[in-house]
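Open the structure in your viewer and keep the selection tool at hand. This tour goes from one stop to the next.

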Amino acid sequence: MMKVVEGSYGIADAVRCCSPDVISVYPITPQTHIVEHLSEFVANGKLDCEYINVESEFSSLSSLIGASAAGARTYTSTTSQGLALMFEVLFNVSGMRLPIVMTTVNRALSAPLSIWNDQQDAMAAREAGWIQIYAENVQEAMDLTPQLFKISEDPEILTPSMVCMDGFILTHVYEPVEFLDIEKVREFLPPYRPEYVLDPKDPKTFGAFADPSWFTEFRYLQYQAMERAKKKIEKVSKEFEEIFGRGYGGLIDTYSMDDAEVALVTMGSVVGTAKEAVDELRSEGVKVGLVKIRSYRPFPEEELKIALKDARVIATIEKDVSIGYESALLTDLKGAFYNSPIRAPIVGFAAGLGGRDIGIKQIRKIVEKTSRVLDAGIEAEFEIFDVKQECLQEGYHGR
Amino acid sequence: MEDSLFAPGHRACAGCGMPTAIKLVLDAAGPNTIVASPTGCLEVTSTPFPESSWRVPWIHSLFENAAAVASGVEVALKRFKRTDTNVLVIGGDGSTFDIGFGAISGMFDRGHRITYVCYDNEAYMNTGVQRSASTPFCAKTTTTPTGKMSLGNPRPKKDMAAIAVAHGVPYVATASIAYPVDLRRKVKMSLSADGPAYIQVNAPCITGWSFGEGDAIEQSRLAVETCLLPLIEYVDGVLVGVKKVRRKRPVEDYLKTQGRYKHLFKAEGGAEVLAKIQAMADANAAKFGLLD
């Protein structure tokens with residue numbers, strides 16, 4: 001039976017169903033409702049786990065390093081500045097091969113201070129060795145939670161992961177969702193039984209330093225595990241679908257891509273809006289389709305090559321900018337296709353920065369601009385979309 | 001100490017005071033112990049992959065998060081009902097007084113049953129003797145060098161023990177490698193505390209302080225005998241123990257044997273500094289009742 005709940009509540013309930021041993025959190029907008037609900041579950045006995053209120057995001061993730069190494073299933077959630085404060089710890093977690101799962105609520109990075117949504121925070125952490133999967137809606141973010149525990153904790157993977165979900169747009173929306181059944185989750189996600197733990201009966205050293213004769217091999221093994229995660233994400237996604245009856249595709253998903261000439265590539269909650277825009281345009285005879293990136297790390301290079309092989313022009317829409325060189329997804333996609341037979345032009349749009357809405361109108365505008373490439377060639381390979389020229393005028397003081 | 005829980009073969013400098021401190025601490029804590037260490041001399045000298053000196057489970061993550069890592073270990077042990085296992089942090093003064101300070105405050109505040117041991121060598125020794133907040137007044141370091149305009153570190157040593165007491169930490173003590181029986185007893189006391197504990201162990205650094213080989217223990221003893229290093233013990237915020245100094249020695253006896261204070265005996269203004277340091281030692285003696 002579906003129930004209408006706030007996104008954050010849905011996530012908290014999905015975490016509860018995963019039976020974490022240790023949750024360690026620090027509050028930050030718009031992640032707060034998730035951790036408040038989790039603390040309520042603990043307070044009223046709905047969730048039996050250790051819940052630590054720490055003094056910073058740096059310590060929330062750091063404390064989970066200790067808990068995970070001691071054999072605990074561990075969870076945290078953060079956003080934006082909190083994720084940035086964790087930056088050093090992110091690399092350490094993945095290097096230590098600890099399967100911590102985090103809900104990364106996507107929010108802009110200061111300055112200027114903005115509590116609103118974009119995906120700059122997680123995109124800036126893309127090299128950190130964490131699996132990153134972007135959810136389109138609340139249900140997908142909920143369903144990803146047990147899937148990512150299962151993927152991360154697999155002895156062949158042992159790589160931490162993030163469920164990325166757009167701040168406010170998904171965390172604060174009230175949507176009808178199907179709650180997970182804890183018994184079914186237990187069947188899907190077995191208890192965490194790590195092979196290597198901190199145990200006085202069998203003392204081991206965790207976090208030794210590696211000199212140049214060893215370091216490369218540690219990174220190589222991490223890279224291999226992330227490669228293996230591609231198949232694992234697909235496999236676990238199918239297993240989940242078999243038990244719960246809900247599937248979202250594997251590393252990517254496609255929408256109206258048959259015979260599509262203009263292909264949009266995007267991720268996160270904007271996918272829903274883009275689908276609506278695609279429907280509208282299709283009804284008007286525009287051959288447009290959509291590729292939804294679910295897994296950004298590992299990057300679904302092969303799947304994208306297949307999905308986009310017949311497109312005549314491709315546009316990325318993403319909520320991040322790499323100041324100094326376009327946006328990350330655009331760069332990745334061009335890189336993925338460079339040595340392939342695909343020669344469709346690729347252009348990119350950084351949109352929805354700091355919470356600016358991307359509505360159907362904006363998507364249509366992007367499709368229009370992208371379609372022009374077919375006639376006029378590439379005018380601008382990359383653009384920061386929806387810049388209000390009047391804001392840039394000297395002496396302009398707002399609406 | 002061949003059966004020590006801290007195995008030989010580590011890469012600490014010959015004459016370093018730190019391994020002595022670690023062996024004494026582990027000896028007192030026993031094998032049912034998990035240790036978290038921050039980055040620093042101890043970490044780099046004891047765990048060059050694939051070797052390790054640790055005969056107890058040990059974890060290192062970063063420079064500034066050992067107290068948080070240990071918090072997670074302690075909480076997980078609670079979860080798994082393995083609370084008979086001791087959890088220690090053993091880290092240097094740079095990570096304790098400076099970069100890891102926030103995480104330590106959090107650990108104290110949350111009341112974890114963790115003994116935080118700081119081996120205090122009074123500067124960033126692993127990176128080459130830079131000043132930390134533990135560096136004493138007018139000691140020379142590579143970032144508080146002496147010169148026409150400088151007599152070394154311009155600030156007194158931060159009082160971490162008092163900060164721990166102010167957090168309501170149930171057991172707080174200072175110790176010295178020159179007093180091993182006292183140190184071992186304090187570690188044992190800390191492990192029976194119902195909550196966090198803080199022990200600061202003076203561990204002289206032969207390269208950073210510049211003294212003679214084999215003198216580390218003697219240096220630490222001189223620090224105590226001059227009253228520059230009061231050995232004190234607080235239980236629930238109350239001063240319950242003080243190591244009495246039978247024959248108080250002038251601070252010069254301590255300072256003149258170390259390269260880091262050499263300038264004070266030559267440079268203009270050195271005499272005034274020596275007088276100030278003597279006044280600090282006298283104040284310690286009076287404050288803690290170190291003399292009979």
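For sorting residues, Ala, Val, Leu, Ile, Met, Phe, Trp, Tyr, Cys and Pro count as nonpolar, Asp, Glu, Lys and Arg as charged, and the others, Gly among them, as polar. Keep in mind that this is a predicted model.

**Stop one: the cavity.** A search of the whole structure finds one cavity of 30 Å³ or more. To see the lining, select B:Glu122, B:Ala123, B:Met125, B:Val129, B:Thr135, B:Ala139, B:Lys140, B:Thr141, B:Gly208, B:Trp209 and B:Arg260. Now colour by class: five of these lining residues are nonpolar, three are polar and three are charged.

**Stop two: the interface.** Show chain B together with chain A. Here 38 residues of chain B are in contact with 38 residues of chain A. The area buried between the two chains is about 2,900 Å². Carbon and sulfur atoms give 63% of that area.

**Stop three: links across the interface.** The rule finds four salt bridges between chain B and chain A. Select B:Arg79 and A:Asp48: their side chains form a salt bridge, at 3.2 Å from N to O.

**Stop four: chain B's side.** Pick out β1 (33–37), α2 (41–46), β2 (58–60), α3 (66–79) and α5 (101–110) of chain B; each supplies at least two residues to the side that touches chain A. Which element gives the largest share? It is α3(B), with eight residues. Colour this side of chain B by class to finish: 19 residues are nonpolar, 12 polar and seven charged.

Definitions and conventions: Residues numbered from 1 in each chain as written. Chains lettered and ligands numbered in written order. Predicted model: local features only at pLDDT ≥ 70, side-chain atom pairs only at ≥ 80, totals over all residues. Heavy atoms only, no water. 1 Å grid on protein atoms, 1.4 Å probe; cavity = no way out; pocket = protein on both sides within 12 Å on 5 of 7 lines; lining within 4 Å. Points joined across faces, edges and corners; volume = space filled by probe spheres on them. Contact = heavy atoms within 4.5 Å. Buried area = accessible area lost by both parts, 1.4 Å probe. Helix = DSSP H or I, 4+ residues; strand = E, 2+ residues; numbered from the N terminus.
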